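Take a moment to look over the chains before reading on, and keep the structure in view while following the paragraphs below.

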Amino acid sequence: MSKKHKISLTEEQLVFSLRNHEKIAIEALYDMYSASLFGVISRIVIDTAIAEDVLQETFVKIWHSFSSYSTEKGRLFTWMVNIARNLAIDKIRSKDFKNQNKNQELENTVNSIDEQNNTVYKPELMGVKDLVETLRPEQKSIIDLVYFKGYTHVEAADELGVPLGTIKTRLRMGIQQLRKHFN
Amino acid sequence: MEDIRAYIESGILELYVLGDVSPDERLQVEEMAQKHPAVKAELDEIERSLEAYALKNAVEPSENLRDRVMGSILTNFGDDNNFPEKPHPVNHKVVELTARKETNFYKYAFAASLALLIASTVALVRVYSRLQQSNNQLEAIQLQNQHFSNRVNLMDRELGIFRDPSFKLLKLQGTAKTPASVVTVAFSAARKKVMIDMGNIKLPENDKDHQYQLWALVGGKPVDLGVFDAKNDSTGMKEMKPIALADAFAITLEPKGGSVNPTMDQMVVLGKF
């Protein structure tokens, strides 16, 4: 599937056709969001094959539980990324997965996350460097821990040895930086 | 307005977007977003930035995964049951289905009971008629049995009479009036018994106004020994009135019930010792 053939819809069209169970909706959904979602999943589930299983489960779950999504509660991607993150965390905490010993322990240091970012990120992804420069390291590590690794802010505070209030502030500041950067 | 600002700056909205809030906090944020456009706008901004951040950090899954995902979702695409429905209609339908299942169960149970009842009734009627039949047969057999035992008793008695040495058999021969008539009488002086062998009498049948009367002649005088009817199908030994002594026996045809004295010209048979 080359990029030329990828289907893209506006979020309103997408939500509408997903509600109507149109085939094109799930195709568009996959083309528009699979990479973003896989970015989150593959940072939690390191094994690519298992991460792809989780991505598949994510789309199946999105499709079957779409009725529980409401535009009033926020953007579609926010809803989907939470599903993907939860499924990924469920996967690495499941007995099967632990037995396979393929998981990377949640006690991963921030450094290892950064290492992953450098190694797993595909070179064609533009702007990552800009971003790294935009975000201060302490902001980035918190955002990555919570957004990409599925830590709660309480766990992140423990992990980083930083007070809860500081965690919240850094999260907010980091996201403010992102807003500036993307606008 | 200050409160809203403080709320926005508290960092709760970021945690909400990151899915890191309790259910209570989630409801609170959603309520605030509905009430205050500023909160809603802030949420939207946070969501957009994180979405863009995710896009920046996107990783392409392998190309064949798309088909796999489409396959797993669209395999049963034509099946309406696989489509997500709004929660309430789904619940409603489920309840309805359960109810229907119950109804069906009772329907089938009722039909089954009814069929069973009909089958039982038919079987009962059959068994009853069989029972009736068997009872009838049994009755017939008992009747026959009775008949046979009667016959056997009778014959025993007859045999007894013939074996008893005190019984004497006397053949009463027809008179000039009815020369063909023969009646056999058994008499035991010791037992004072007189019997007529009904199975072996040859007398014209009497009409309903007349009966035959047996007489014993004792010292030339007739003694009444009772009346009887002569029929072709008579059997057995008929015991008459007792008498200890007799010189001869005679039978006359008398008006029904018998007479005090024999009507001599109606004498049919006579026999002497």
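The pLDDT is the predictor's confidence in each residue, given on a scale from 0 to 100. It belongs here since this is a predicted model. In chain A the average pLDDT is 78, and 77% of the residues score at least 70. Within this chain, confidence is highest in helix H3(A), at 91, and lowest in helix H6, residues 110-120 of chain A, where the mean is 45. Over residues 102-127 of chain A the pLDDT is below 50, although this stretch has 22 contacts in the model beyond near neighbours in sequence.

Staying with chain A, we come to Thr71(A), which is found in the loop between helix H3 (48-64) and helix H4 (76-93). Is Thr71(A) buried or exposed? A residue counts as exposed if 12 or fewer other C-beta atoms lie within 10 Å of its own, and because Thr71(A) has 11 other C-beta atoms within 10 Å, this residue is exposed. Its C-alpha atom is separated by 9.1 Å from that of Glu12(A), a residue 59 residues apart from Thr71(A) along the chain.

Turning to chain B, consider helix H3 of that chain, which comprises the 13 residues 23-35. At 1.5 Å a residue this helix should span 18 Å, and its end C-alpha atoms are 18 Å apart, which agrees. The buried residues of H3(B) are Val29(B), Met32(B) and Ala33(B). These residues cover an arc of only 100° around the axis, and therefore they are on the same side of H3(B). On the other side of H3(B) there are exposed residues, namely Pro23(B), Asp24(B), Leu27(B), Glu31(B), Gln34(B) and Lys35(B).

Key: Residues are numbered from 1 along each chain as its sequence is written. Chains are lettered from A and ligands numbered from 1 in the order in which they are written. This is a predicted model: local features need pLDDT of at least 70, side-chain atom pairs count only at pLDDT 80 or more; totals for chains, interfaces and linings use all residues. Helices (H or I, at least four residues) and strands (E, at least two) are DSSP runs, numbered from the N terminus. The expected span of a helix is 1.5 Å times one less than its number of residues. A residue is buried if 20 or more other C-beta atoms lie within 10 Å of its own, exposed if 12 or fewer, and partly exposed in between; C-beta atoms are placed from the backbone. The arc is that of the directions from the helix axis to the C-beta atoms. Two residues are in contact if their C-beta atoms, placed from the backbone, lie within 7 Å.
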